[in-house]
Structure formats: C-alpha cells, structure tokens
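The sequence and structure come next.

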Amino acid sequence: MSVLTIGLSHRTAPVAMLERVSVSGDTLSKLIHDVQQDACVAETMVVSTCNRVEVYAAVDRFHAAVTAISRLLSVHSGVPVDELTPHLYVHYEDRAVEHLFSVVSGLDSMVVGEGQILGQMRGALKLAQKHGTVGATLNELVQQALRVGKRAHADTEIDQAGASLVSAGLAFVGPLEGKRVLIVGAGSMSALAAATLSRAGAGEIVVANRTFERGVRLAERVGGRAVPLREVPRELAAADLVITCTGGGSHVVTPAMLAGKPAGELFLLDLALPHDVDPAVRELPGVTLVDLETIQESGIGSREGDAVQTVRALVADELTAFLNAERAARVTPTVVALRSKAANVVEAELGRLLMRLPELDDKARGEVTQTVQRVVDKLLHEPTVRVKQLATSPGGDHYAEALRELFDLDPKMPEAVREVEL
C-alpha cells in the first residue's frame, strides 16, 4: 500500500472555496466512511480546518484513487469537480510523507509555526480510529508525524516565526506609543499583532472581524473594542495604523474607503495572503503600505527565515530516517522467509543424516547439528544484511524481489508472517 494525499489549502484556494469544501460533524464522518469503502482505498483519514481540507489514504492504485477521492470531495462539499480540481494538490508516496511532516511542523500554516495544527491532526487521527478507517500504515505514519511536529516546536524557534513576522512589519512603522490602531481580522496573526501593540503602548486598539464575537474576545484581551467588519471604512478615518490579517481573497481596504480620510499619515501593514489591501492605495498622498513582499525584500524578517530553514532541515532528516526504516521493514518478510526456508532445509537434511548414522551419540549429534546451522547462518548473514542496507537506496525493492526469485520465496508464508509479527 502507498500513501496518497489529496487536498486544498489557503495556498491553493481562496477562503470562500475552503469554506465551501470544509466538512464537519456527520458530513465529515460520511466522507471518511465513503472514501474507505472505495475498492482501491485500504485506509483513510480526513483533516478539515478553516485553512485546509486534506484526505490521507493508503491505496493500491494511484489514478483510480485520485479520481475516486476527488469525486467524493465534490459530492460531499457540493462543489462541482471541474470547479474543485484546479485548487487540489496531490502528493504520493515519499512526497505525501514529506507534506504531512511539513504540515504538522507548522511550515504550511497561514501563520507559520502555529501549533494548533498538532491538535487538529491528532483529532483527525482519533476520529478515523473511532470509525475504524485507519490501520498500520496511516497509524504509524501519523504518529511519527506528530512526533516530528512536537520536536519542531520543542527544539527550534518556529513558534516565534509568526511573532517575528509581525515585529518585522511593525519595524517600518516607528514608535507605536499612543497610535490609534485598527486591526482587521481576529486570527492567530491578528492576536500576535494586538499583543505586540499593547505591550508597545499603542493607544486605542480596534478589532474588526467577520465573526463579531471572535473580534470581541480578541479586543477584550488587549483592552480594546470590537466593531463589525462593515464598520472598517468609518474606523479608517480615525486610525493612524491599520493591520490586516484576513486573507479572505478580496480587498478589505480600498482607495475609495480612504477618500474621505482627513489629511495625515496613515500606515497600512498587510500581513495576509491573498492580500487584504488594494495595492492602489500606495498612490494616495500620506499613505504607506507594507506587505509580505516588502518585508521579505527588506531582510528584516531574517529570524523567521532562520527558524523556518531549521525546521525544514529537521523535517528532511526525519523524512530520510522514516523512509529508510520503512524500506528496510518492507524487506524483512523476505529475509524471514529466506531464513525460515533455510531452517527447514537444515532440519530435513539433518533428519536424513541422523537416520543414516544411528550410532552417533547425543554429543556427536549436537555437534553435527550446530556445525550445519553455523554454516548456513554464515552463508546467509552477508546477503541478508546487504539486502536490508540496499533496501534503503533508490530501487531497493528490486534486491528483495531478486532474492525472492532466486530462492523461490513466499514472504507471506505463515511461518514468516508469524515471526515478523512477533
């Protein structure tokens, strides 16, 4: 069985599309069940959050599985396949494992380094376990991914990546004390920005968000006030600094909204992808716009880059170790089958020999038995060690296949299976 990932995220789809495809409750359970029922799918789990919907599956046929899972995502979301397909990404085998490790480590999150995805992935695994749709392949893979994610957060500064991005953007602003701030959005990045501004002594902090209650909760944490998203044009008139972090796929600040603003300096910090602020506002007098590209080009956010690079290196090392162990494990039944066959030959030949030499006493019989077994063990030692080593190299499966052909082995024979399970 090979691992397949099909999904869409904030990197490939606008928020409106993600909202349409996102599944939860009974619909999520039905999707998991229906995917697992497909003939080419042995195991599956689904991760569905506000920023991604991904199906992980253990499959035996790539093209058939891609077609089936894409169709089921369409059926359960109500989004036509031809509309959904352009936003989907597909990862297979090694690339699927690498993608999962990157996601759980926070590298693929909208706010790089956020740890919420760890809990979301753990919840997805538990739900799949509850429905009985995961087995040895996905259980082992996701458990290892969770360990990689924990290590990424414990051993690196990836948790600070988002905070560093906010700090890098605010470095363009200058002194923050006393400034009137409007924050558009109430997600993780907005929370980081609000906390940073509060500590820096900013004046009034106003939070505007699509979900008003969520905006209220963020505003209360920093002693500010919340307004509905529709109030953004009015609040712009009084703001010195505007920070946008929605990534909703449409502009929440446009030149028309600033037309009636009194003369004065206005600083706009757009931390969203896709951008929240229409780039045309740069043409307005007294308006400064800094976005993610500006921060990246400036090099101010280098600390974020260092943390991300460190985690990427960690993921690469963990990926290599996992794949090597997995490939070595694949050859184990073949090695066990070879040794089992050799043991049967030794037993049969010793039986015939000892029947022809009944005069041998127990001591002699023991010496003969040990000698023959040592000879066979020594003959098999080098090829079995080498085939395990070669299994971790590209095309390593071919060496095990050659061994099976040369010795007419069946790695699924009951003796081999029992020994591997032990």
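Where does Thr 320 lie? Thr 320 lies in helix 13.

## Basis of the model

The model is predicted, so to speak of local features a pLDDT of at least 70 is needed, side-chain atom pairs count only at pLDDT 80 or more, and totals for chains, interfaces and linings use all residues. Residues are numbered from 1 along each chain as its sequence is written, and side-chain values use heavy atoms, with hydrogens and water left out.

## Thr 320

With a relative accessible area of 44%, Thr 320 is partly exposed. On this scale buried means under 20% relative accessible area, exposed means over 50%, and partly exposed is in between, using a 1.4 Å probe and protein chains only. Thr 320 and Arg 210 are 110 residues apart along the chain, and their C-alpha atoms are separated by 43 Å.

## Overall form

The protein chain has 16 helices and 10 strands. Both are DSSP runs numbered from the N terminus: helices are H or I with at least four residues, strands are E with at least two. The radius of gyration of the protein chain is 30 Å, whereas a compact globule of 422 residues would have one near 22 Å. That radius is taken over C-alpha atoms, and the globule rule is 2.2 Å times the number of residues to the power 0.38. Along the principal axes, the C-alpha atoms fill a box of roughly 115 × 45 × 35 Å.

Of the 422 residues, 45% count as buried. Among contacts (heavy atoms within 4.5 Å) with a separation of 6 or more, residues 24 or more positions apart account for 69%.

## Surface and charge

The protein chain exposes about 20800 Å², and carbon and sulfur atoms supply 53% of this area. Accessible areas come from the Shrake-Rupley method with a 1.4 Å probe.

There are 42 positive and 54 negative side chains, and the centres of the two sets lie 3 Å apart. Lys and Arg count as positive, Asp and Glu as negative; His and the chain ends are not counted. The place of a charge is taken as NZ of Lys, CZ of Arg, CG of Asp or CD of Glu.

## Aromatic pairs

A search of the whole structure finds 2 aromatic pairs. Rings of Phe, Tyr and Trp (its six-membered ring) pair if their centres lie within 6.5 Å; planes under 30 degrees apart count as stacked, over 60 as edge-to-face and the rest as tilted. The pair of Phe 62 and Tyr 92 is tilted, because the ring centres are 4.7 Å apart and the planes are at 55°. This pair links distant parts of the chain, with Phe 62 in helix 3 (residues 62-77) and Tyr 92 in strand 4 (residues 89-92), 30 residues apart. Phe 62 counts as partly exposed at 27% relative accessibility, and Tyr 92 does so at 26%.

Phe 101 and Phe 322 form an edge-to-face pair, at 5.9 Å centre to centre and 75° between the planes. Phe 101 lies in helix 5 (residues 94-104) and Phe 322 in helix 13 (residues 302-356), so the pair ties together parts 221 residues apart in sequence. Phe 101 and Phe 322 are buried.

## Positive phi angles

Glu 93, although not a glycine, has a positive phi of about 50°. Glu 93 is in the loop between strand 4 and helix 5 and is partly exposed at 37% relative accessibility.

Asp 408 is a residue other than glycine with a positive phi, near 55°. Asp 408 sits in the loop between helix 15 (397-407) and helix 16 (414-421), and its relative accessible area of 64% makes Asp 408 exposed.
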